[in-house]
Amino acid sequence: MNDLLIRNASIIDGTGQAPFDGDLLVRDARIAAVGSIGEEPGVQVIDASGLTLMPGLIDAHCHITFDEPCSNDELFFHRRAGLAAIIAARNVQRLLRAGVTGFLDADCIYDLGVDLRDAINSGVIEGPRMATGGYALLTSVGGTAGQLIPDTGTRGYAKIVSNQAEIVAEVRRQVKTGVDWIKVHVTGLVPQQRDAGEIQAWSLDELRCVCDAAHELGVSVVGHCRNATSIRNSVRAGMDMILHATFMDEPALEEVIEAKVPLVPTFTFQANLADYGDRVGANEDLREVFRREIEDSAQTLRRAYDAGVPLLCGSESGFSLTPYGDWHYRELQVFVEALGLTPLQAISCATREGARALGLEGQVGELAEGQFADLLLFDGDPAADVKILGERSRIKAVYVGGHAIDLEDREPARRPIPGWRASAYSDAILRRRDVIC
Ligand SMILES: [Zn+2]
């Protein structure tokens, strides 16, 4: 690969510092220099006058194998392993075209993540830099899918573990296959407590068991936690990153701050449901619940941020409310509007801090010498308004490891796949009294 010189750009370097005018030199997949750089023979030159050059976005919470289901029934009972893998190979390209150059998928259906990551890394398919888990570990209490989760075995993205021997065996099996992360579904929904939100579905000892087994083998652990005790216990157990981290109380916040555990709030799904759910017929009660989750938790997360806890941007892309390629920028918008971060701080969460999700802290996510050249060349100033990162026509170039991505959408139009989507008989019950007077 030839050296590449991008000249005269307005540079947002991902550290949070103000944009500055400069050039950037790419050599052997990495950034060789940033600043004022002279042209040399044999170097490909791009004039970026009037454009912003920034690190590519890193989405720390993405479900690349789900393929946008409208319901848990569809996700758990309408997906097939082979086709899910083929479609995921398409969907990673939608991320690239949206300026996402790295993502973490902590739990894939059919344990597909390692295969997908290795296909990207070896050049079988083009995709963003990917870190992956395998099955999410659940107890038989279940996760957010309630009784769709069986008491034993696997279903969809879940592996059910019921004692410490099973926990250790599954962690070791996943590490053997090559996962980057172990994912634990720490909280789940049970009918008795629906109004109270999710409950902790693991004991503290079990959480310690997961973390110890994974850490002994050099693998990090990430947990889905949507209540205070689960966050506190996950921190005590030694968890390396927490997804959602909502509904924290003071003691939980104190322990998170003490341990500086990175958090991935992932408000995009909730924000989409609350703001646009009516356009897609979303359940009204659910919309209120999710609106409240953002309101309740935004200031607590802001306090964590102010105390030095890293916040990462995750979009929960992969559901019908968060399709691939559309909403990866939206978490930055929520960070600005609900948490009160500046646009540059939010960009830093989505770039430099995002590197933690890839296990590449200090190696990607900043425009600095020695880092991987994962770049976004953009027409507009996201430091003034992060929302414009969602405007596709402004994306002028995307590079992963210095390699230019073809931004043309060459996907054939997709037609319905037999059995892939859940279909309802109707939206409501046909009562005689409602139709015959
Ligand atoms: Zn998720």
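In which sense do strand β1 and strand β4 pair, and over how many bridges? In this predicted model, strand β1 (residues 4–11) and strand β4 (residues 44–47) run parallel and are joined over four bridges. Within that pairing, Arg-7 faces Asp-47 of β4. With strand β2 (residues 20–27) the pairing is antiparallel and extends over six bridges, and here Leu-4 stands opposite Val-26 of β2. With strand β5 (residues 52–55), β1 pairs in the parallel sense through two bridges, where Ser-10 has Thr-52 as its bridge partner.

The domain assignment divides the chain into domain 1 (1–55 + 366–408) and domain 2 (57–328), and the C-alpha centres of the two domains are 31 Å apart. Eight residues from domain 1 and nine residues from domain 2 make up the contact. On the side of domain 1 that touches domain 2, strand β19 (residues 395–400) supplies the largest share, with three residues. Sorted by class, that side of domain 1 holds seven nonpolar residues, one charged residue and no polar residues.

Val-398 counts as buried because 25 C-beta neighbours fall inside 10 Å, where 20 or more are required. Although 297 residues separate Val-398 from Thr-101 in sequence, their C-alpha atoms are 7.7 Å apart in space. Once neighbours within four places in sequence are set aside, the contacts of Val-398 are Gly-56, Leu-96, Gly-99, Thr-101, Leu-376, Ile-405 and Leu-407.

Strand β7 (residues 100–105) and β8 run parallel, joined by four bridges, and Gly-102 has Arg-129 as its bridge partner in β8. In strand β8 (residues 129–132), Arg-129 and Ala-131 point one way while Met-130 and Thr-132 point the other way, yet all are buried.

What, then, of the nonpolar interior? The largest nonpolar core comprises 127 residues, among which Leu-24, Leu-53, Ile-182 and Val-210 touch the most other members. Helix α5 (residues 204–216) gives the largest share of this core, six residues. Because domain 1 (1–55 + 366–408) and domain 2 (57–328) both contribute residues, the core lies between them. A closer look at Leu-24 shows contacts, beyond residues up to four places away in sequence, with Ile-6, Ala-9, Ile-11, Ile-31, Val-34, Leu-53 and Leu-367. As a general matter, nonpolar side chains tend to be buried together in soluble globular proteins.

After α7 comes Lys-260, which has a positive phi, near 55 degrees.

Definitions and conventions:
Residues numbered from 1 in each chain as written. Predicted model: local features only at pLDDT ≥ 70, side-chain atom pairs only at ≥ 80, totals over all residues. Domains from an automatic or database assignment. Contact = placed C-beta atoms within 7 Å. Nonpolar A, V, L, I, M, F, W, Y, C, P; charged D, E, K, R; others polar. Pairing = 2+ DSSP bridges. Core = buried A, V, L, I, M, F, W, Y, C linked by C-beta atoms within 7 Å. Buried ≥ 20, exposed ≤ 12 C-beta atoms within 10 Å, placed from the backbone.
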